[in-house]
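Work through the exercises below with the sequence and the model open beside you. Try each task before reading its solution.

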Amino acid sequence: MLHGPSEKDLLFNSLIEKSLNNCLNYETNETCQLTNEICEKSKLDKRVKKYSTLKRRGKENSFHVEKALPFSLVPQVLTAQKIKDSCRIEESPFYIHKIAQTEKVDEFQRLYAEDPRRLLLKDNSKNWLPIHYAAFKSKLKIIDFIVDKCRPNIINAQDSNGNTPLHIAIQKGLRDCVAFLLSKGADTNIKNKNSYAPIHQCVVSNQPDILELLLSHNLNKSDVHLGGENGNTALHTCAYHDNLECAKILIKHKSNICRTCNNGFFPIHVAAQRCSNKVLELLIGEGNKMGCSKLKMLSFVDGDNNKPLHAAVQFGNLGAVKLCLENGASIDEVIEMDHSTPVHVACAQGSFEILKLMAEKQPSLFLEVIHAQDSLQMTPLHKAAMFNHVELAGYLLEKGAYIDSLDKEKRTPLLLAASRNCVKMACYLISKGSNIRLKDSYFRNLLHLIIDQDSVNKSSKNVDNQNIPCKRSSIKSLEQVLIEISRQENYTDLLNDQDVDGCTCIHYASKCGFVNCLKLLISYGADINLKNKDKQSPLHFAAKYGRVSSCLEILSSQNSRNHINEKDITGMTPLHWAARYGHTRVVEMLIQNGALVYKSYGSGNNPFHEAASNGFTNCMKIIYNVDPYVLNSINKDGNTALHLACQSGYPNAIRSLLDLGAELKYNKDSLSFIDLAIKHKQQGSLIAIINHERWEEALKLKSKEYKTPFVGIIQLSSEVTQAILERCVTKQYMDETSDKKYLIRYNFTYLNWADVKIEKNGKFLLSPMVPLITMVKYGRSECLSHPLCEVLLQRKWNKYGLALYGITTLIYLLFLICLTTIVVQYPLCNFKNYKFNKEFNHMEYELNYTICSVLNNQNIYKLEYFKNFQSYIQLVLYPVTIMFLIPIRISDEKLFHSQWEVGSLAIFFAWFNLLLHMQRFYIFGIYVVMFIEILKTLIKVIFLFSILLIGFGLVFFILLANDESKANSTPFISIYRSMIMMMGETDGLNSFIIPYQTNRLHFGKMSLIFLVLFIFLIQILLTNLLIGLAVGDIESVQRDAKLKREAMQVQLHVELEKKMPRKMFEKVNEMEYIVYYGEEVNRFGIFK
């Protein structure tokens, strides 16, 4: 007799109902956590304290506890890891699981009363709750009590395998328990980890009575079409397990036999594949009753494009095949994908019994189907021959199959068997009279196909001497076929048949390296001297694919002519082919047998050229040791082996050729080997040249396009350029006993190269520092910052740059002094028209002379002049200076007011230009360049955000136009004041706050609103943005400024050297600079 819920029970029920959704997490072993308020009302803490006391006294063989467990650790004591059989079963929290399997309802209620959490306690093996154990033993009263206390949610709890109590009851066949669970609202749509819903579980567990109950329950009826794994319905599951009784029940409850799963399979296909003949027969019969004819059902196509008969044949289900045939399935039905019939499938599978069954059931149709062709135009005999099913092939031939039918590639069953190495089938077909002289679409006969089917195609350039011994299967196959065909007349014609490329069986054997096959063919009379359409002999093939033994066999054959130096259609000999693909042993063997190393073909390349152009150094060395003349031999384009190696990009070959002492020649296009490397962008080749001892010899070559190779290298690659710069800086120790005395040698020969031309009239034309100019033009900043470039520019500056540029600076200073003197001596002329003192006329003349001198030093007639920021300053400076001086020349009596306004511009730009003028000097030039770069950035930003300044200026003009201070009386003044306010000069107290408090602001509130907006947007946001742009990335600015200053120095020295006389240029232009360290006398270096 179950007791009604007490007040305490209701309290626990309210908490459990709130926490069930979170506590029923069936993926973990953790129990739900109750609040301290409820736990204090539980008696479990007493049991835990008792258990701790027993542990302290040592009555149990476990660990000792110093004091009773605190209540916060009670949930941990509930887990199996903490308990571990260390107390009596009655005292274990898992005792409730045992009671749930009995009829002791009172004891179960007592355990629940002590701690309601026990209803949610899982074991550690299966994650079963008490309700799972109750369902396992069909204890309905216990289930009813648990469901009543925990509400219906717990009835669908899943264990570690995803099984609910309903799944467990079905597995055990407990019909009453299933009925009770359904009445309590158990969910019939929940799937376990095998994707089995209860309806699927009934089929798997073979429980037709329970399945009937699920499908006919009034309150909780299952969906007969519920999908499981891959969308399989329960009827699919019946077809899979051949469960006839369950299938009948499902069909009784209107299960759709024409429903597919997610993979497109019908139940009838599943039954045919799984040999479920009982269900298959049922489906065919019931489908006919439902209006779906047998023929229609047998014409269903599954996801693999198979019909039921095809599926049954494919899986070797003889019973299913018989059933399909008896119900009207036709053996001439084809699959849309490949147009194959069931007979094709049976022949491919080797299902002889099925093939005979189809012949017995439909004999007249079978005689037609054996001639049917699939999408590849293969007949059933082709399928049998392809998979070496000799017995099936004999049966088909007995039934009248055509032995020499052709497929899409014009292959007979014999040729197809030969290509698949089905020797037994090939010999059988030959014995049955198959035409051995038929060829496929590539004109290959059966001997070609037998040899070629085992080809591994290992003729890679990186593989040397690929000599593949003939496999035993290959030699035996060929031998058996040759024995079989030798019984026919004129069989030797097959040995010399040529395919579409003119290759014979000997060519195939030579290519594959099957030496034993080659010997066998020769012994049967194959002609070893035949050539293909490209006039290549078998020796060409053997050499091309690196078959050493094949080469030896061909050369040692008694019937062989001497093909060792014969050329093919391209003019290449076997040695050419072996050298091209780097077959070292073949090259060596051919040379030992008399191959000529100086033979060339159409392009003029000899074997040494071929080896070099493909980077095979070992072949190069072998050929060179035979005839060193080939090292510098040229082809028709005038290219040597070194040219070809650089053009193709093989560093190892380049190093080998340079080591051997190859001459550095020009080809017919006047290009050197380094020019070809630059032209074809072979950086690896260039690095190999630079790292070689002969690198200076290579860089001294003339270049048709670049004048010097170094210029082309700079244009191509920064990496190679830096490698050259590194080679130009060498360190040498002067004392072997000490590492403190050494010298560093800077070689400027290639970096300081100048293009010198002398015209017919004797005029000296000079283009100095071409490599440095190229670095600037192509943005090779990392190269400009190299120590070699820095030292060269520093040397040029010290030798003549400082002196010449200093003269220009002194002239400009004279101009600046004169202009400043005029401005300083007469400041009052800004306000009144005073008479000009004629004593200062000489100052005005000196100023004019200085302007002319400065202008004479400016190349304003060149386009490059306008690419410099300083040029625009000068374009403003000199005109305004002249405008300042013109009134003095017009009138000696008066000076005009506007003249001094122009003069203010002139004096500002004059001093600003002096600042820019200082950027050429090494000491502080970098800071000037940094200033200019930051200035450019600020100008761009201010130009963009001036939109806001104009907007605020016009706003203040509207709101504060009538202000007493008249600071916003006009739009121009208002915008100007906004710019001043941007720097912090807001004067908010006198201009806004006090006038607002005294009601002198006509638009008071709106003015204050726009003042706040101005402070946030302009004074805070914009100002901090400008500061961040100015100093935020100062390191990158400094780095870029250094490189730009180096570029400016290059331009300066180029302009100076262009204007130098020839003798002066030759005197100041140095090609080497040595710095000594460790000696006080020479510590500053000397010139060479």
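The model is predicted: local features need pLDDT of at least 70, side-chain atom pairs count only at pLDDT 80 or more, and totals for chains, interfaces and linings use all residues. Residues are numbered from 1 along each chain as its sequence is written, and side-chain values use heavy atoms, with hydrogens and water left out.

**Exercise 1. Describe how α14 and α15 pack, and state which residues meet.**

Step 1. Two packed helices are described by the angle between their axes and the distance between the axes. Helices (H or I, at least four residues) are DSSP runs numbered from the N terminus. Axes are lines fitted to C-alpha atoms, for helices over the stretch in contact, and angles run from 0 to 180 degrees between N-to-C directions.

Step 2. The axes of α14 and α15 (residues 244-252) come within 9 Å and cross at roughly 155°. Therefore α14 is roughly antiparallel to α15. Angles under 35 degrees count as roughly parallel, over 145 as roughly antiparallel, 65 to 115 as roughly perpendicular and the rest as oblique.

Step 3. The crossing of α14 and α15 is left-handed; that is, the near helix is turned anticlockwise from the far one by less than a right angle, whereas clockwise would be right-handed.

Step 4. Contact means heavy atoms within 4.5 Å. From α14, Ala 234, Leu 235 and Cys 238 meet Cys 246, Ala 247, Leu 250 and Ile 251 of α15. By class, these are seven nonpolar, no polar and no charged residues. Here Ala, Val, Leu, Ile, Met, Phe, Trp, Tyr, Cys and Pro count as nonpolar, Asp, Glu, Lys and Arg as charged, and the others, Gly among them, as polar.

**Exercise 2. Are α17 and α20 roughly parallel or roughly antiparallel?**

Step 1. Helix α17 covers residues 277-289 and helix α20 residues 318-326; their axes are 10 Å apart, at an angle of about 15°. The two helices are therefore roughly parallel to each other.

Step 2. Their crossing is right-handed.

Step 3. Asn 277, Leu 280, Glu 281 and Ile 284 of α17 touch Gly 319, Ala 320, Leu 323 and Cys 324 of α20. Sorted by class, this contact has five nonpolar, two polar and one charged residues.

**Exercise 3. Locate Gln 207 and list what surrounds it.**

Step 1. Gln 207 sits in the loop between α12 (198-204) and α13 (208-216).

Step 2. A polar atom of the Gln 207 side chain lies 3.4 Å from the backbone oxygen of Ser 205.

Step 3. Neighbours within four places in sequence set aside, Gln 207 is in contact with Ile 170, Gln 171, Gly 173, Cys 202 and Cys 246.

**Exercise 4. In which loops are Ser 138 and Asn 230 found?**

Step 1. Ser 138 is in the loop between α8 (130-136) and α9 (140-150). Its phi is near 55°, a positive value in a residue other than glycine.

Step 2. Asn 230 is in the loop between α13 and α14 (234-241). Asn 230 is not a glycine either, and its phi is positive, at about 55°.

**Exercise 5. How much helix do residues 902-929 and 941-961 hold?**

Step 1. Both spans are among those under the UniProt annotation "transmembrane region" (unreviewed entry). Such annotations may be inferred rather than shown by experiment.

Step 2. Residues 902-929 are 75% helix and 0% strand, with end C-alpha atoms 28 Å apart. Residues 941-961 are 95% helix and 0% strand, with end C-alpha atoms 29 Å apart.

Methods
A polar contact is a pair of N or O atoms within 3.5 Å; within protein, one must be able to donate a hydrogen and the other to accept it, and residues adjacent in sequence count only if both atoms are side-chain atoms.
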